[in-house]
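Hi there,

Here is the structure I promised to pass on to you. Have a look at it first, and then read on for what turned up.

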Amino acid sequence: MTGSRAYVGAAGAQVHLRELGDPGAPPVVWLHQTASSSAMWQRVLPLLPDVRHLALDSPGFGGSDPLPGTPGIAAYAEQLLEAVVALTDQPALLVGHHTGAVIAGEMAALRPDLFRGLVLIGCVVIADDAEQREAQGHYERWETDARGDYVVERIVPRLLKSVTRDDPEQMATELVAYLQAGADYTVAYDAVYGYRAAERLSLVSTPTWCAVGLDEGEPMVRWTRLAAELVPGASFTGIPGAGCELAFEEPAAVADLVGSVLAELRGMAPGDAAARPTGAS
């Protein structure tokens, strides 16, 4: 992926980003999953040449500084909102995947004036404490060691659950992202599973499109359908034949989705609630 890389924010709270496209075009802000980085969008962004892409590394991931302590989703959202404000004075389309989708929902709830549209791809919506405990059992924490055994014993098996195709580039990109995030990457999962998305998504007033690869299966498909029900006027799209690694495995499907959203937004008058997406598909 060509383009430029930069940092925004004060020392100790810098956000790293990748920028691609026309600097004068409408901005699209991209947020990644855990434990990835803005590099996960490298196959998608070149397929949408007529916009200004701003792919951000979440705090503690990629090249971005970590947040102190054990941050919640609101803390991630507030740090990334500061970056968006510093980067553009135009309302942006905000696209998030998995953890990025949860953060994006909170960003839109906090600052609807900054966003003209919201795309949530695979959005987690935890119903209760029991579901939270079950979800937290699906990821492992690890400790680093001097020999690097943890890479082979912990990280690679974790990656093989998602990198299911013979794709050396994806494996290398995501391995680097895990190493950048370090053993504390699970704080982002804790933030997601401790977040009461049902309460917050109902406050989103930004035109919203929810999508998920139908091959992800339960519970992500169910969660994303629920997200579409919670956001007033949101739409739902299930993408056949696509799993959890859409950006790597089906980049054209992601580009088609976002391109169609951009086309719809071009036809909407600012603040026209009647033009918001409705129903499900």
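Which helices each supply at least two residues of the lining of the largest pocket? They are helix H3 (129-136), H4, H5, helix H6 (186-193) and helix H8 (220-230). Helices here are DSSP runs of H or I with at least four residues, strands are runs of E with at least two, and both are numbered from the N terminus.

Before going further, a word on the numbers. This is a predicted model, in which local features need pLDDT of at least 70 and side-chain atom pairs count only at pLDDT 80 or more, while totals for chains, interfaces and linings use all residues. Residues are numbered from 1 along each chain as its sequence is written, and side-chain values use heavy atoms, with hydrogens and water left out.

Back to the pocket. Its volume is about 860 Å³, meaning the space filled by probe spheres set on grid points that are joined across faces, edges and corners. A pocket is an open set of points on a 1 Å grid over the protein atoms alone, where a 1.4 Å probe fits, with protein on both sides within 12 Å along at least five of seven lines; lining residues have an atom within 4 Å of a point. There are 32 lining residues, and His98, Arg158, Tyr193, Glu216 and Met220 lie nearest the centre. By class, the lining has 13 nonpolar, 8 polar and 11 charged residues (Ala, Val, Leu, Ile, Met, Phe, Trp, Tyr, Cys and Pro count as nonpolar, Asp, Glu, Lys and Arg as charged, and the others, Gly among them, as polar).

You will find His98 in the loop between strand S5 (92-97) and H2.

Now for two helix pairs. The axes of H4 (residues 149-160) and H5 (residues 168-181) come within 11 Å and cross at roughly 125°. Axes are lines fitted to C-alpha atoms, for helices over the stretch in contact, and angles run from 0 to 180 degrees between N-to-C directions. H4 and H5 are therefore oblique to each other (under 35 degrees is roughly parallel, over 145 roughly antiparallel, 65 to 115 roughly perpendicular and the rest oblique).

Finally, look for two cis peptide bonds. One joins Thr34 and Ala35, with omega about -5°, and another joins Glu218 and Pro219, with omega about 0°. Pro219 sits in the loop between strand S7 (208-213) and H8.

Enjoy exploring!
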